[in-house]
Amino acid sequence: MSIQRPSTPPTARPGPLSRRRLLQGSAALAAGAAGAGTLASCGGAQAPAGATEIDYWLWDALQLPAYSAAIDLFMEQNPDIFVRVTQLGWDDYWTKLTASFVAEAGPDAFADHLARFPEFVSLGVVAPLDGLGPLDDVPAEQFQEGLQELWTGQDGKRYGIPKDYDTIAILYDKNMLTEAGLTPEDLEGLDWNPEDGGTFEQILARLTVDANGVRGDEDGFDAGEVVCHGMGGSDGIDYVGQTAWSPFAFSTGWTFTDEETWGRRFNYDDERFIATIDWFFGLVDKGFFPPFGKFGESSPKQAQLQAGSSALALDGSWMISTYANMDGLDLGIAPLPSGPIGHPMSMFNGLGDSISAQSEKKEEAARLIAFLASDEAQRVIGERAPFFPATDVGTKAAVDSFAAEGLDVTPFTDRVANGETGLYPLVENSASIMSIMQTAFDQRWMGQIEGADFASFNDRVNALFE
Amino acid sequence: MTTATTSTRSAPPRRRKKDDTKLALLFIAPATVGLLAFLVWPLLTGIYYSFTEYTTLTPPQWVGFENYQAMFADPVFWNSLKVTVLYVLINIGVQTVVALVIAVLMQRLTQSTLLRSLVLAPYLVSNVVAAIVFLWILDTQLGIFNIFLQWIGFDPIAFWASETWVIPTVALVNVWRHMGYTALLLFAGLQAIPGHLYEAARTEGAGEITLFRRITLPLLRPILALVLIMTIIGSFQVFDTISVTTQGGPADASRVLQMYIYQNAFAEYQFGYASALSVALLVILMVVTFTQYWLTNAGKSDLD
């Protein structure tokens, strides 16, 4: 038998220590090779005499072509600077970055993630950007609302310039919807609540099919022998639950911490969270969501949709082109269901560009990342990007380019336009929180503990801040 | 020729002694430098770091026994110890029996060098490659082994994602990789047993089983003890297979000590605490090794 594999690499943007994306990594490697032509135009060439060489690192192979194009344009306009671009896979990226900081041989500027940058700030390896070259002329208003806030430290200084953002929506295969007797319109305007799951759960029930072909909302349905789950699940669900439980929890009015950013008290013991998590993992018993371990890393959600073993999936905007390129999958995009607070809620996360505190070429690096945030660069990136650049101009370019491929991505962008977003938890100690909470989420998924048992884990997390 | 040899042999002994010392030092020097730089120095600094709070990017701060106190109160540490011991028991138990059987078969049944070297083949595959291959083979959805299970009428098993299966799975994957090597070591031990003992026993009417129990096993004891000491030390240090496949999950079911050390150091930047955990592992290994050495009387042979 041949092993199915996503035809394009899913962007590795899981939490910091989430289970290794080996298979995705190998796919990303293939994409890296595909992008090597572009890479060579920057990385392989020699710096012209007299130009200052700076290093720029990023991990996302899907972003490489877009950023290479923008950086080529930058070097054209700034012949005194030569940028060496390096792309590394997600796992290696952070290991190598840390090692290079210890060896004081890191990049001058690099793509940064919210789960990592608080640690870097407290270790003193990322430079505050205020007062650096042209960066003071990059106003926070230029970006989607709230993005710059995510990259601002507890001291009020900026440690990153937003480069893109992502939100969550429902992705599904239109063919499977038709088989279930549903239309794409049926997925618009769904509602959800933690008690009975609302119309959203009814849709999941309709889409779930057991071994005898009985659907989840029909008599005689066997939840133990499901061949197609209503909602797909990945191989691990972490403390952020970005593409899993977080949209539901947010839509009850729940927040991760006591503060919008830099919170010091987590709310995993809140009754709204407990109700949400019990509903979410309760779907396993109903057969609507796969049990723990059923789908390993070889079968990510897009592969489940393709194989027909799951009908719809909650996933991030960075995955749109991955789903769209799956053979035999007629991709549809629907908004998240609205929750008890009356509207849908999506997690709002974004990557940023940071500058190393060790760099001796901060001015030049600042000029580069200021350029990457400019309208001109954002348009270049947006046109090539399978993701949403951080500014309005860039987002519009990306939405247009998706529309040209026949994909309406507004279920993703509407969340931002309507202000229906909750921020990615920007906190200290994220690696420790990750490792404490992973046990809790694994055990809840396996049905060994209840949502109420999260309180003791929450205490351990909060103890990190004392 | 003879004269030449004689003349070198009859060179003045005093001068030769002096030469020897210098030469010996010269020969020892590379190894000594290596030992000091790559073993003794890291060991000492590691022990020092275990008494500090250290993030690698900021200088270490002395905290006394704080890391050790935290370690003894850390449930994850005790759990990882339990998981590691379970792994070692399964890994070493199965591996030693399988390797012994292979070694005896190699000695008694075949003289073919090809067959004998073939046994070593899995050892030529790197741990990481072996882990990735088995990750695929045992995959719940697409793994060929699970497809086979379904074909003969069983439900697929989530080998990597079940708390019950994950440690036995990792242990057996590593048995597969190491059994040939272990068998080869034991085979070398078997070769040292004089053939006339078997002949004598067979004349007395002893069968294969009796030969094995009465001659092979007792005379193999020193080698077996040595092999056990080596493999147990290696087994306690299991890391790569787990790092590649489960990263310690599900929950904490495969979070072995080395994995926990790695996560503390390289994910959470707690190099001080990670060093304390490493020192604990060092102490455990020392105790295990010395106990074993003493129990099995590994220094003596029954042949003498």
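Visitor: Is the crossing of H4(B) and H11(B) right-handed or left-handed?
Guide: The crossing of those two, H4(B) and H11(B), is right-handed. Keep in mind that this is a predicted model.

Visitor: Okay, and at what angle do the axes of H4 and H11 of chain B cross?
Guide: Roughly 140°. Helix H4 covers residues 75-109 of chain B and helix H11 covers residues 208-236 of chain B, and their axes come within 10 Å.

Visitor: So why do H4(B) and H11(B) count as oblique?
Guide: Roughly antiparallel needs an angle over 145 degrees. The axes cross at roughly 140°, and H4(B) and H11(B) are therefore oblique to each other.

Visitor: Which residues meet there?
Guide: On the H4(B) side, they include B:Thr84, B:Val88 and B:Asn91. Among those in H11(B) are B:Phe212, B:Thr216 and B:Leu228. By class, this contact has 7 nonpolar, 7 polar and no charged residues.

Visitor: New topic: what domains does chain A have?
Guide: The domain assignment gives domain 1 of chain A as 19-165 + 349-390, and domain 2 as 168-348 + 426-463.

Visitor: How far apart do their C-alpha centres lie?
Guide: The centres of domain 1 and domain 2 of chain A lie 31 Å apart. Their contact takes 19 residues from domain 1 and 19 residues from domain 2.

Visitor: Which helices supply residues on the domain 1 side?
Guide: In chain A, H1 (22-34), H5 (117-123) and H6 (147-150) each supply at least two residues of the side that touches domain 2. By class, that side of domain 1 has 10 nonpolar, 5 polar and 4 charged residues.

Conventions:
Residues are numbered from 1 along each chain as its sequence is written. Chains are lettered from A and ligands numbered from 1 in the order in which they are written. This is a predicted model: local features need pLDDT of at least 70, side-chain atom pairs count only at pLDDT 80 or more; totals for chains, interfaces and linings use all residues. Axes are lines fitted to C-alpha atoms, for helices over the stretch in contact, and angles run from 0 to 180 degrees between N-to-C directions. Helices (H or I, at least four residues) and strands (E, at least two) are DSSP runs, numbered from the N terminus. Angles under 35 degrees count as roughly parallel, over 145 as roughly antiparallel, 65 to 115 as roughly perpendicular and the rest as oblique. A crossing is left-handed if the near helix is turned anticlockwise from the far one by less than a right angle, and right-handed if clockwise. Two residues are in contact if their C-beta atoms, placed from the backbone, lie within 7 Å. Ala, Val, Leu, Ile, Met, Phe, Trp, Tyr, Cys and Pro count as nonpolar, Asp, Glu, Lys and Arg as charged, and the others, Gly among them, as polar. Domain bounds come from an automatic or database domain assignment.
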